[in-house]
Amino acid sequence: MAAALTGSAKSTWASFLKSIASFNGDLASMTAPPFILSKTSLVEYSAYWTEHPKLFVAPAKEQDPEKRALLVLKWFLSTLKQQYSSRSEKLGSEKKPLNPFLGELFLGHWEDEEAGKTELISEQVSHHPPVTAYSIFNEKHGVKLQGYNGQKAGFASMTINVKQVGIARLRLEKWDEEYLITLPALHIEGLVYGSPFVELEKSTIIQSSSGFFAKIDYTGKGWVGGKSNSVSAELYDNKTGKLLYTISGQWTKELVIKKAKTEVERFEHGDKNPTTGLTIKPIEEQDPLESRRAWAKVGAAIDKGDYDETGIEKSKIENAQRDLRKKEKEEGTTWERRYFTAVDKVDEVDALVERAGKFMKTVLGLTPISMDEPAKTNGVWVFDTKKYEDVVSGRKAEEVRRAGETVLE
Ligand code: CLR
């Protein structure tokens, strides 16, 4: 809140606001005041997709394709709170994450009695522009999520507007089903008061290969009598155009699922649906490219509130990265992504985009969605199972060891 900012913080914030007025669209290059810096790297944010492992695997256990599509939509909506408001809730405001270096990793897993083990692999696959790719999978239930994302930002009338580029893809092996998920646009509110937080806007879709389409609309407080964090979703049958279910409410609180006009279920955040924490290795056992280990000194400096040291430690990492890029350029090599590969396009995804687009245009009378230009994310990133197996089996041990040596410790 404005009142919370006093003395030097207040004037630093004021000059920060002035500086972002002429901001160039690259969030990573924005220099924010020390007190708004987070010690969490953006590569960690992929974990927000699965803080409810039970909901993540639930669609796999459902026999009816229509209900499976509903369960996927329900799981997706349940992730929004973690993705977009958990930091404000925990830290009092949104903070500026650390800008991941190329090759930075965030690895872990969730252990859940019912769902079993769900694994997370998140990797920074591009630095300019920043792009994070992830793969989240539960082998027991054959549920696999993969995706990649970057951000395009702009500044207008005291708001940072962020468009996400990239997609998420969910696969249910047992049913040989694939779901294409697009990512919401957002903006940062509360900037003038020094307590920024995220609000979602516009719409996203989920299109399934089994013939179901969901449209999800986001609105905030300014909206005619609306509440903050409002969401309203509709699930349709692609073939008949029939509206099957609606889900509405606040993505931070409670969602009501209705069939026709009748309520069939209610989902509530909080004690009824607790989140499952991610398990990660202790720092000493982590790979040198793993986020918390690589940024440990920066994190410690931020914790201490020592901003000179924060800057010094940050620069060490950035300079080492710069030298590495220079060396690669001289040697005509490129950084080997450990788990992902860039392609020009993925046919299954294009087919889903086309299917959704056609439905949006002919049945809903809306502008069809389209894929982002691959150039915006340095390619379309896919999880490379061959690479993954090579790493897990130890066949890549030497490469992994050498990559680790490039990180300063
Ligand atoms: C990253 C991908 C996640 C969802 C997500 C949530 C919040 C977003 C973040 C993404 C990108 C970075 C972001 C952040 C909110 C604020 C932060 C836009 C899209 C910017 C860089 C911080 C601006 C600094 C002010 C707080 C001063 O799945």
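Start by selecting Gln207 and the residues it contacts (heavy atoms within 4.5 Å): leaving aside neighbours within four places in sequence, these are Glu178, Tyr179, Leu180, Phe212, Phe213, Asn238, Leu352, Arg355 and Ala356. You are looking at a predicted model, where local features need pLDDT of at least 70, side-chain atom pairs count only at pLDDT 80 or more, and totals for chains, interfaces and linings use all residues. Residues are numbered from 1 along each chain as its sequence is written, and side-chain values use heavy atoms, with hydrogens and water left out.

Stay on Gln207, which sits in strand S10 (residues 197-208). Gln207 counts as buried because its relative accessibility is 0%; buried means under 20% relative accessible area, exposed over 50%, and partly exposed in between, with a 1.4 Å probe and protein chains only. Now show the side chain of Asn238: it lies 2.5 Å from the side chain of Gln207 in a polar contact (a pair of N or O atoms within 3.5 Å; within protein, one must be able to donate a hydrogen and the other to accept it, and residues adjacent in sequence count only if both atoms are side-chain atoms).

Next, select Trp75, Phe76, Leu77 and Leu170, which touch the most other members of the 98-residue largest nonpolar core (buried Ala, Val, Leu, Ile, Met, Phe, Trp, Tyr and Cys residues joined through side-chain atoms within 4.5 Å). Helix H3 (residues 65-91) gives this core its largest share, nine residues. Another core, of six residues, lies apart from it, and includes Ile205, Phe213, Ala356 and Met360.

Finish at Met158, in the loop between strand S6 (143-156) and strand S7 (159-172). Met158 counts as partly exposed because its relative accessibility is 35%.

Notes:
Helices (H or I, at least four residues) and strands (E, at least two) are DSSP runs, numbered from the N terminus.
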